[in-house]
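Here is a short note to read beside the structure. The points are numbered so that each can be checked in turn.

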Amino acid sequence: MNLAQFQRILVQVFLLPVVVLLVTASVLYWQIRDSNATVSLIQESDARITQVTLVAKLIVDEESGLRGYETTADPRFLQPFSEAEGRLDAEFKKLEALAGSDPLQKSTIEDLRSEHQTWRDAFALPVIATVKAGGVTSDVDLNLYGKSLMDQVRQDLASITQMDEARRSVRIAQWHRQVRDVLEALLAVALLLGILIGMFTRNRLHAVSAAYRTSLDVLSRRAEEIFQSEQRLRTTLASIGDGVITCDANGAIQMMNPVACEITGWSQSEALGRPLEDVFQIINESTREPLETPVAKVKRLNSVVGLDNHTALIRKDGSELLIADSGAPIRDQTGATIGIVLVFRDITLERRTQDALLANEKLAVAGRLAATIAHEIHNPLDSVSNLLYLMRTGVSDEESRQFLEMAGHELERVTQISRAMLGLYRESKAPVRVNLKDMLQEILLLMDHRFTELGVTVRSDLRSPVTVDAFPAELRQVFTNLITNAAEAASPGGEVRVSVAPQPAATGSAGQKMPPGAQIVIADNGPGIPDDVRPHLFQPFFTTKGERGTGLGLWVSRGIINKHGGSINLSSDTSASSHSTTVTVFLAVKPTINAVGT
């Protein structure tokens with residue numbers, strides 16, 4: 001028996017009970033449907049009996065009201081009569097609707113309605129009219145006539161009720177009979193189908209048993225094939241390019257491929273049966289401390305593990321190689337670990353190549369650091385040049401002392417920048433109060449000579465002092481970079497606008513809470529920045545100035561602003577009529593200083 005036949009038997013054994021259940025369900029559905037139909041008829045009879053009872057009650061209310069009025073001549077006794085009279089027509093219609101298409105029922109209801117109308121028109125209404133006119137209605141013949149009419153109405157009501165009760169009793173008996181039939185049919189079907197399922201299952205089990213015996217013969221042949229496949233697998237393992245060692249659950253070596261023998265210096269015969277620790281001795285390249293063997297690590301973690309970084313293998317002759325890769329458990333069908341396989345490779349040459357690349361990268365970083373220092377030192381040195389120029393043009397002694405003091409501050413900033421860039425100096429961790437108005441005025445004064453050279457006009461709006469907690473040297477570096485960029489972007493004859501204003505606490509566009517702070521705006525009316533350039537503006541070493549720029553100014557500036565917990569945003573317009581570029585910087589009054597700007 002092949003797999004397809006076995007699957008077909010399983011499907012048959014599965015489908016037969018399903019079919020049986022469907023047949024049983026069909027029988028039950030048919031019987032229950034008939035029972036439900038009978039119950040519906042019983043409910044219809046109950047509804048008609050209820051409706052007849054309601055009509056009888058309203059007629060009794062009419063008669064009682066009439067008798068009370070006839071006796072007392074008090075109009076209040078006519079209220080039940082009037083209310084019942086108003087409802088009876090609708091209730092008669094409901095009773096006719098419940099009768100359906102039954103002609104006998106319809107005829108009886110029509111007789112009842114006609115006789116009630118006769119009692120009403122021939123007796124009740126004349127009596128009411130007579131009493132209202134002050135006449136006497138105690139005549140015995142008149143009242144006997146009214147009684148005979150009402151007796152006929154009662155007889156019709158009783159007839160309708162008896163008819164529905166009789167039908168209801170018949171239908172209840174029919175329902176009991178149907179329930180009994182359902183139980184008998186269910187038992188019969190269950191017995192018959194149970195016998196059928198048992199016979200069919202017995203037949204299929206015989207077929208499966210015969211197939212099982214055949215499968216044993218097939219498995220014997222396949223065991224031989226598996227043995228041959230294992231031999232091929234050993235050949236494959238011996239041919240791969242990585243070293244492979246397999247161990248039993250206790251860590252004794254069972255097999256090593258030629259690459260593993262070459263890397264470790266041990267032959268297969270020498271290593272067979274030895275503990276892995278004897279053949280595969282690993283240490284940390286840096287600390288020279290022995291490392292946990294892959295066997296112990298796999299047994300501890302019960303999963304695939306990788307070797308630690310900087311792992312060195314001590315070969316049989318005492319030489320060392322750098323290795324990498326992993327170990328994994330070998331599991332049986334129950335999931336129990338029955339061995340460990342270790343796959344590794346020699347990465348000595350790879351590590352040397354990597355070290356050479358890292359050395360080259362360090363040289364590149366040193367070059368970028370030197371470029372950063374040169375760029376950042378240029379601005380304060382340019383300020384010193386401007387101060388010397390101002391002093392040479394002739395100034396008062398007070399102005400000379402002021403300019404010398406400012407030049408000293410700029411030279412201190414040069415020293416601070418170089419030390420900060422090289423990691424030899426850190427500004428105080430505690431920020432100080434900085435007056436942004438005074439700082440921007442000093443920067444504009446120091447750059448006045450540069451503005452004259454570029455032929456640009458500077459307009460400032462620095463009307464009120466605005467103070468924040470910050471590192472003044474770093475903020476001076478930011479604003480010098482931004483104002484210099486704006487002045488160079490504005491062509492000769494252009495204009496640069498610088499303003500600072502307090503910013504109250506608010507809620508940002510994204511719903512975040514903005515603390516109180518200061519907003520510094522630096523704008524120029526230059527040609528603007530093209531759309532394809534804007535995404536790269538804050539990337540290091542990206543510049544649009546060619547040989548004149550290093551591409552570090554905006555990158556460093558954003559890092560400093562982020563360190564101060566602020567934000568820097570740039571918008572630009574390249575249209576012919578309103579070309580401009582605006583840089584907006586926000587600084588909190590009491591910022592949370594970040595250790596590293598990003």
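This is a predicted model: local features need pLDDT of at least 70, side-chain atom pairs count only at pLDDT 80 or more; totals for chains, interfaces and linings use all residues.

1. L349 is exposed, with a relative accessible area of 64%. Buried means under 20% relative accessible area, exposed over 50%, and partly exposed in between, with a 1.4 Å probe and protein chains only. L349 lies in helix α9 (residues 348–392).

2. Residues are numbered from 1 along each chain as its sequence is written, and side-chain values use heavy atoms, with hydrogens and water left out.

3. The protein chain has 14 helices and 16 strands. Helices (H or I, at least four residues) and strands (E, at least two) are DSSP runs, numbered from the N terminus. Of the 598 residues in the chain, 35% are buried. Contact means heavy atoms within 4.5 Å. Among contacts between residues at least 6 apart in sequence, 67% join residues at least 24 apart.

4. Which residues of helix α8 (residues 294–301) are buried? They are P294, V295, K297 and V298. These residues cover an arc of only 165 degrees around the axis, which puts them on the same side of α8; the arc is that of the directions from the helix axis to the C-beta atoms. An α-helix has 3.6 residues a turn, so residues three or four places apart point the same way. The cover over the buried residues of α8 includes the strands β1 (243–248), β3 (281–284) and β6 (320–331), as well as α7 (276–279). Just after α8, N302 has a positive phi of about 55 degrees.

5. Two packed helices are described by the angle between their axes and the distance between the axes. Axes are lines fitted to C-alpha atoms, for helices over the stretch in contact, and angles run from 0 to 180 degrees between N-to-C directions. The axes of α2 (residues 78–99) and α3 (residues 103–133) come within 11 Å and cross at roughly 165 degrees. α2 and α3 are therefore roughly antiparallel to each other (angles under 35 degrees count as roughly parallel, over 145 as roughly antiparallel, 65 to 115 as roughly perpendicular and the rest as oblique). The residues in this contact include F81, L88 and F92 of α2 and I109, L112 and W119 of α3. By class, the contact has eleven nonpolar, two polar and eight charged residues. Ala, Val, Leu, Ile, Met, Phe, Trp, Tyr, Cys and Pro count as nonpolar, Asp, Glu, Lys and Arg as charged, and the others, Gly among them, as polar.

6. Helix α13 (residues 472–489) packs on helix α14 (residues 553–563) at an angle of about 140 degrees, with the axes 9 Å apart. α13 and α14 are therefore oblique to each other. Among the residues that meet are L475, V478 and L482 in α13 and L554, V556 and I560 in α14. This contact of α13 with α14 divides into seven nonpolar, five polar and two charged residues.

7. R167 is in helix α4 (residues 140–239) and is partly exposed, with a relative accessible area of 25%. Leaving aside neighbours within four places in sequence, R167 is in contact with S45, R48, D102 and Q105. The C-alpha atoms of R167 and S45 are separated by 7.2 Å, although the two residues are 122 apart along the chain.
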